[in-house]
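Me: I'd like to go through this model label by label and see what stands behind each one. Shall we begin?

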Amino acid sequence: MICENHTRVTEFILLGFTNNPEMQVSLFILFLAIYTVTLLGNFLIVTVTSVDPALQTPMYFFLRNLSLLEVCFTLVMVPKMLVDLVSPRKIISFVGCGTQMYFFFLFGSSECFLLSMMAYDRFVAICNPLRYSVIMNRSLCWWMAMGSWMSGVPVSMLQTAWMMALPFCGPNAVDHFFCDGPPVLKLVTVDTTMYEMQALASTLLFIMFPFSLILVSYTRIIITILRMSSATGRRKAFSTCSSHLIVVSLFYGTASLTYLRPKSNQSPESKKLVSLSYTVITPMLNPIIYSLRNNEVKGAAKRTITQKVLQKLDVF
């Protein structure tokens, strides 16, 4: 549809969180600190799981991929959000908005499938421990990780191409801190029922289907754990899954509130807080959750840091 009597939108204004300059400075400092912790924590996980010989197992291979994915996920939104907090003009071009939306959908969908692959890994480790090394071989792990990373490409291309092909002929103020689907959809000047139906179908496929796989895996895991005769064995088995369960709950719990209802009556402020939780807060918490609840990761981190310090001392 061509915008009759109106100029097609060529850029968007991201309204962000507030127009109060003092509040913007405070938010900039807060989010910069969070982003710094996110990068340091996830790069630490990547480093220790790459160099420490004790962590060369499928579980830590997938954890390394999750950390890399979190870095990419936050890179799509947080730097632009930080710039907008200290910039008088919070502008993003039409192409830039589409690009940000594409990579947001890509990495978000990829994380859904990667979390389901991690659940399957725990299922095999606990329910079939004798064949774990045979089933979860190096080749299968690489294919599972590659499939997770690439799984978001089709839905990202479809969602973004369809969205940006719709007519934007009127207002261009996006009441959000990045180009997310639901707030941008509100600016479309035609009926969006077909797009919303497609978006809901994609959500069910790329959020609920991996979540169903996780539920099935953990149902089998819980049954296996309850059948264990040793209390020590039950505690050890549950401890290997607890970190993943917390991460899954944080990610799926907040993301489903947004994407299962793309045009809900929820206030824009509430939607921003929900989006903030899974785009900024959760990526920061993931390495903290995995490191604090995992003695192997803590031990590997200490060894890696100690080794780096000793190497520096040897230089001097």
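**Labels and their cut-offs**

Me: How do you know that the span of helix α3 agrees with its number of residues?
Reply: Helix α3 covers residues 94-127, which is 34 residues, and at 1.5 Å a residue it should span 50 Å; its end C-alpha atoms are 50 Å apart, so the two agree. The expected span is 1.5 Å times one less than the number of residues. Helices here are DSSP runs of H or I with at least four residues, strands are runs of E with at least two, and both are numbered from the N terminus. This is a predicted model: local features need pLDDT of at least 70, side-chain atom pairs count only at pLDDT 80 or more, and totals for chains, interfaces and linings use all residues. Residues are numbered from 1 along each chain as its sequence is written, and side-chain values use heavy atoms, with hydrogens and water left out.

Me: Why is α3 called mostly covered?
Reply: Of its 34 residues, 27 are buried. Buried means under 20% relative accessible area, exposed over 50%, and partly exposed in between (1.4 Å probe, protein chains only).

Me: Why is methionine 146 called partly exposed?
Reply: Its relative accessibility is 45%, and partly exposed lies between the buried and exposed limits, so methionine 146 counts as partly exposed. Methionine 146 sits in helix α5, residues 138-165.

Me: What makes the nonpolar surface patch that holds Met146?
Reply: Trp143, Met146 and Met150 make it, with an area of about 390 Å². Patch residues have over 30% relative accessible area and no salt bridge; nonpolar side chains (Val, Leu, Ile, Met, Phe, Trp, Tyr) are joined within 5 Å, like charges within 9 Å. A salt bridge is a side-chain nitrogen of Lys or Arg within 4 Å of a carboxyl oxygen of Asp or Glu. The areas come from the Shrake-Rupley method with a 1.4 Å probe, and for residues only the protein chains shown count as cover.

Me: How do you know that β1 pairs with β2 and β3?
Reply: Two strands pair if DSSP finds at least two bridges between them. Three bridges join β1 (residues 11-14) to β2 (residues 91-93), running antiparallel, and two join β1 to β3 (residues 173-174), running parallel. Isoleucine 13 stands opposite isoleucine 91, while leucine 14 has valine 174 as its bridge partner.

Me: Why is one side of β2 and of β3 left without a neighbour in the sheet?
Reply: The open sheet has the order β2-β1-β3, with mixed pairing. β2 and β3 stand at the edges, each with a single partner strand, so one side of each has no neighbour in the sheet.
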